[in-house]
Structures are given as C-alpha cells and as structure tokens.
Amino acid sequence: MTADLFETIGDARPARETMAEGAVLLRGFARPVEAELVPALRVIIKQAPFRNLVTPGGHTMSVAMTNCGSVGWVSDRRGYRYDAIDPDSGQRWPAMPPVLGKLAADAANEAGFERFAPDACLINRYVPGAKLSLHQDKDELDFSAPIVSVSLGLPAVFLFGGLRRSDTPRRYRLEHGDVAVWGGPSRLFFHGIAPLADGEHGVLGRQRINLTFRKVR
Ligand code: SIN
Ligand code: FE2
C-alpha cells in the first residue's frame, strides 16, 4: 500500500478549481454545515413552497423556485424582478437563516470577495430532466458583489461560458456540497444547468436543490 494508491482511489476532484478570472469552484465547501442546511431549507419550503414560474414569453420553467431573504427573484408575464413579497402568499419571503448567510459569506471570502452580505437567496429545485438555459444574472442593482451558488442533492452539469451568449461554455460537474462563486470580471458570464440526469441522492432523494445568493440592493 503506497501513498500513491490512496491518492488515486481518493477524491480525484481538486478541492478548488478556477473556472475563469473571478470564478472559482469550491468542492465540498458546504459539507460541514449540511446537517443545519437541510432542516433550515425544509422550514423555508413549508412557508414558501416551490412553484414553476412563467417567463415573460409565456413558457413555464422546468426548474421550480422559491426564495428566502429580504427580496426574492420572481418571473411572470410582466418580466423578471426582485420583490419583497411572495406573490403566491402575499407575505414577505421567509428570512434568510444565519447558517445560510454565513455559508455564502464564507464561500465568497474564500473566493477573494470580502464582506459579501447577500439580501436574496433564490432556491432552485431540479427534478430529472429539468434544466436552466444559458443566462446572465443581471436583475441585481449591485454587480460589485459576486454570485454564490450552493449545490445539494443529485449531481448536475454546470455550464459556464463568457460575456457573450455565443461563448462556448465549459462543463463542470457540481455535486452535493459544492459551491461555485463568480464575480469581478466574470460576474456577468452566461451560465446554466444541463438537463438533470436521473438518480437517487442519499439525503435529498430524486432531486437537486441549488441555493443562489445575491446582493440585490
Ligand atoms: C442559477 O443560475 O440561478 C442556478 C444555477 C444552478 O442551479 O446551479
Ligand atoms: Fe443564474
């Protein structure tokens, strides 16, 4: 038994991978707080259940969404926007639990963005076959803050392109506990999620949950 053998059979994925200038993948970064994250999410989802939003073009998204934080991202026939009120309940979105805000700030810090204080957390739920087409996150007022994205549940293929829609995206496998951060020169890079492959995750079952933290205001 040599050390080499252990390196080969261990996690071959590097803990940290640079995707572009200002964009980094922190593998397993959320694992240490997993036991607090999952119950916190269940409370949020009970108060503000997942729903499949309609785009301004009239297409129902395959990804189901909800939010926590002082504002939430919504879409309907009138457009995309951030709103302090959940249109389904008429109430404010659930508050962002401290464990979530701290995880996002710690990940941003690790990626070189200090003092990230997100006011919005979009929660995306993918079932097998669900996908998110290439898009830019540009409904926020503050582009100086990064985007912090936490993956939970089934693995997904993250597409990360460039500033132009036509830039060929690179593909990264995102697994349970992985965190992607993009900001600075890559803040407005096009990104998306390829159709989710079927599977069963030990903690979350037949789905992928993604948390995307933003500084909106
Ligand atoms: C997003 O772009 O809002 C979500 C990305 C992801 O699900 O990883
Ligand atoms: Fe996005």
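What is the volume of the largest pocket? In this predicted model, the largest pocket has a volume of about 670 Å³, the space filled by probe spheres set on grid points that are joined across faces, edges and corners. A pocket here is an open set of points on a 1 Å grid over the protein atoms alone, where a 1.4 Å probe fits and protein lies on both sides within 12 Å along at least five of seven lines; its lining residues have an atom within 4 Å of a point. The lining counts 32 residues, and those closest to the centre are Met-61, Trp-73, Leu-132, Ser-133 and His-135. By type, the lining holds 13 nonpolar, eleven polar and eight charged residues (nonpolar: Ala, Val, Leu, Ile, Met, Phe, Trp, Tyr, Cys and Pro; charged: Asp, Glu, Lys and Arg; polar: the others, Gly among them).

The largest pocket is also where ligand 1 sits, in the sense that more than half of the ligand's atoms lie within 2 Å of the pocket's grid points. E13 provides the largest share, four residues. The shell, made of residues with a heavy atom within 4 Å of the ligand, includes Asn-124, Leu-132, His-135 and Arg-214. Three of its residues are nonpolar, six polar and two charged.

Some shell residues also make polar contacts, pairs of N or O atoms within 3.5 Å. The side chain of Tyr-126 places an N or O atom 2.5 Å from an oxygen atom of ligand 1. For Arg-208, the distance from a polar side-chain atom to a ligand oxygen is 2.8 Å, and for His-191 it is 3.0 Å.

Residues are numbered from 1 along each chain as its sequence is written, with chains lettered from A and ligands numbered from 1 in the order written. Local features need pLDDT of at least 70, side-chain atom pairs count only at pLDDT 80 or more, and totals for chains, interfaces and linings use all residues, while side-chain values use heavy atoms, leaving out hydrogens and water.

How values were computed: A polar contact is a pair of N or O atoms within 3.5 Å; within protein, one must be able to donate a hydrogen and the other to accept it, and residues adjacent in sequence count only if both atoms are side-chain atoms. Helices (H or I, at least four residues) and strands (E, at least two) are DSSP runs, numbered from the N terminus.
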